[in-house]
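Please examine the sequence and the three-dimensional structure shown below.

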Amino acid sequence: MTEILDELTWRGLLAQTTDRDALAAELAAGPVALYCGFDPTAPSLHIGNLVQLLTMRRLQDAGHRPFALVGGATGLIGDPKMTGERTLNDPEVVAGWTERIRRQIAPLLSFDGPNAAQMVNNLDWTADLSAIAFLRDVGKHYRLGTMLAKDTVARRLASDQGISFTEFSYQILQGMDFLELFRRYGVRLQTGGSDQWGNLLSGVELIRKASGESAHALTTPLITKADGTKFGKTETGTVWLDPELTSPYAFYQFWLNAEDEDVVGLLKVFTFRTREQVEALAEEVATRPQARAAQRALAQDVTRLVHGDQAVDQVVAASQALFGRGSLSDLDAATLTAAVAELPSTVGRVGDRLVDLFAATGVVASKGAARRAVTEGGLSVNNERVTDVDAVLGADQVLGGRWTVLRRGKRTLGAVDSLDGSAG
């Protein structure tokens with residue numbers, strides 16, 4: 001327990017804390033109850049939220065007890081953004097998202113043993129709270145000057161959009177959550193991202209004013225790439241934990257494509273590899289970067305954490321099959337669809353000339369180039385070499401009733417989509 005802050009520091013997971021010495025003393029003295037909140041303002045958590053969940057798990061593994069708060073109440077409002085007011089979602093939508101997020105959190109914490117995690121919902125203590133009780137019991141502890149000085153609030157006040165009283169009050173609701181968990185379960189530490197520092201301090205201060213007791217806050221830094229840009233976005237958008245929004249294959253590929261200068265830091269943040277294991281992989285990056293051992297370790301570990309062993313087996317098999325090191329016909333339809341989703345593609349029909357399809361996908365520059373590549377033995381369909389320049393797409397070459405994978409050489413890929421039913 002005494003080394004957890006040092007561990008978080010080594011992993012690059014410690015941005016700010018309240019009195020560090022006092023926090024270290026409490027962590028060393030015995031199990032500390034802690035919490036982190038997740039608002040259902042979208043149907044899924046994303047990999048930024050994963051940083052918080054894994055930080056909670058590290059604290060749990062060090063002997064402390066985590067409470068995962070899914071904000072069924074605060075999700076009805078949403079934490080103020082820098083850019084303008086959020087759209088308020090219907091309560092039924094938020095309730096559905098709350099349940100989806102609960103299911104995403106469940107596999108990432110341990111709910112057994114002496115320091116078993118617990119899931120809580122702040123709607124339980126706010127749904128029946130009257131406005132008068134809220135103002136008298138909670139609001140009286142807040143000073144307007146302090147609230148106005150919060151960075152997001154100050155920026156929004158200075159903008160053309162301004163800020164509504166609803167979003168302005170969010171910091172009070174989050175502070176009330178900390179106080180309620182402190183009273184109910186003895187929670188003394190709240191964790192979150194560095195952009196939440198002001199809201200975390202709101203709860204610490206509320207506990208001090210309402211009870212005379214001390215509490216703590218700890219934040220993790222914003223995860224960025226080596227070039228300083230924000231981490232967690234792709235050309236197609238946010239990397240979600242929900243497999244319906246980001247397929248396990250796309251999720252795996254996101255991590256596999258990490259740059260050499262980023263991958264060691266990502267291993268520290270997103271995996272449970274030991275210091276010795278991370279240092280060994282860092283040496284691999286330095287001496288044999290072409291092997292991409294660190295990227296494969298990262299992709300497998302994080303995909304396994306979020307989606308499970310079976311998903312890892314499927315996406316590894318798909319990755320290998322795409323490049324000729326396995327059978328594409330062995331892949332299930334969903335994995336195959338995810339695997340070809342970002343390949344250049346064209347719509348095709350059974351009976352279409354293969355050289356025309358190769359040209360249409362851009363795998364080769366032209367039909368003439370495709371014919372030359374066939375004679376040179378450089379084109380394959382579903383990993384089977386094409387030997388006839390007049391060959392046509394056969395029904396048996398349409399996998400899963402939809403896809404045909406085209407390849408030139410070792411790494412240039414395209415796909416034919418026969419979803420219109422022409423595959424028969």
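**A guided reading of the chain**

L157 is found in helix α8, which covers residues 151-157; helices (H or I, at least four residues) and strands (E, at least two) are DSSP runs numbered from the N terminus. The model is a predicted one, in which local features need pLDDT of at least 70 and side-chain atom pairs count only at pLDDT 80 or more, while totals for chains, interfaces and linings use all residues. Residues are numbered from 1 along each chain as its sequence is written, and side-chain values use heavy atoms, with hydrogens and water left out.

L157 counts as partly exposed because its relative accessibility is 45%; buried means under 20% relative accessible area, exposed means over 50%, and partly exposed lies in between (1.4 Å probe, protein chains only). Together with L144 and L148, L157 forms a nonpolar surface patch with about 270 Å² of accessible area. Patches are made of residues with over 30% relative accessible area and no salt bridge, like charges being joined within 9 Å and nonpolar side chains (Val, Leu, Ile, Met, Phe, Trp, Tyr) within 5 Å. Accessible areas come from the Shrake-Rupley method with a 1.4 Å probe, and for residues only the protein chains shown count as cover.

For the chain as a whole, the accessible surface comes to about 19800 Å², of which 49% belongs to carbon and sulfur atoms. The chain has 424 residues, and 49% of them are buried. Its secondary structure consists of 19 helices and 13 strands.

What lies in the interior? The largest nonpolar core has 74 residues, of which I105, W255, F270 and L298 touch the most other members. Such a core is a set of buried Ala, Val, Leu, Ile, Met, Phe, Trp, Tyr and Cys residues joined through side-chain atoms within 4.5 Å. Another core, of 30 residues, lies apart from it and includes L69, I77, V138 and L179. Beyond its neighbours within four places in sequence, W255 is in contact (heavy atoms within 4.5 Å) with I47, F231, F270, Q295, L298, A299 and V302.

R11 is placed in the loop between α1 (4-10) and β1 (16-17). Is this arginine, R11, buried or exposed? R11 is buried, because its relative accessible area is 4%. Among the residues that R11 touches are R58, L267, F272 and T274. The side chain of R11 also makes a polar contact with that of E7 at 2.6 Å.

Charged pairs complete the picture. Side chains of opposite charge can pair when their charged atoms come close. The structure holds 20 salt bridges, each a side-chain nitrogen of Lys or Arg within 4 Å of a carboxyl oxygen of Asp or Glu. One of them joins R188 and E213 (3.7 Å, N to O). R188 lies in strand β5 and E213 in the loop between α11 and β6, so this pair ties together parts 25 residues apart in sequence.

A salt bridge also joins R292 and D260 (3.9 Å, N to O). The pair links distant parts of the chain, with R292 in the loop between α14 and α15 and D260 in helix α13, 32 residues apart.

The side chains of D417 and R402 meet in a further salt bridge (3.0 Å, N to O). D417 belongs to strand β13 and R402 to the loop between β11 and β12, so the pair ties together parts 15 residues apart in sequence. D417 counts as buried at 13% relative accessibility, whereas R402 counts as partly exposed at 22%. Finally, salt bridges that share partners join R353, D356, K367 and D390 into one network.

Technical notes: Polar contact = N/O pair within 3.5 Å; in protein donor to acceptor, adjacent residues only side chain to side chain.
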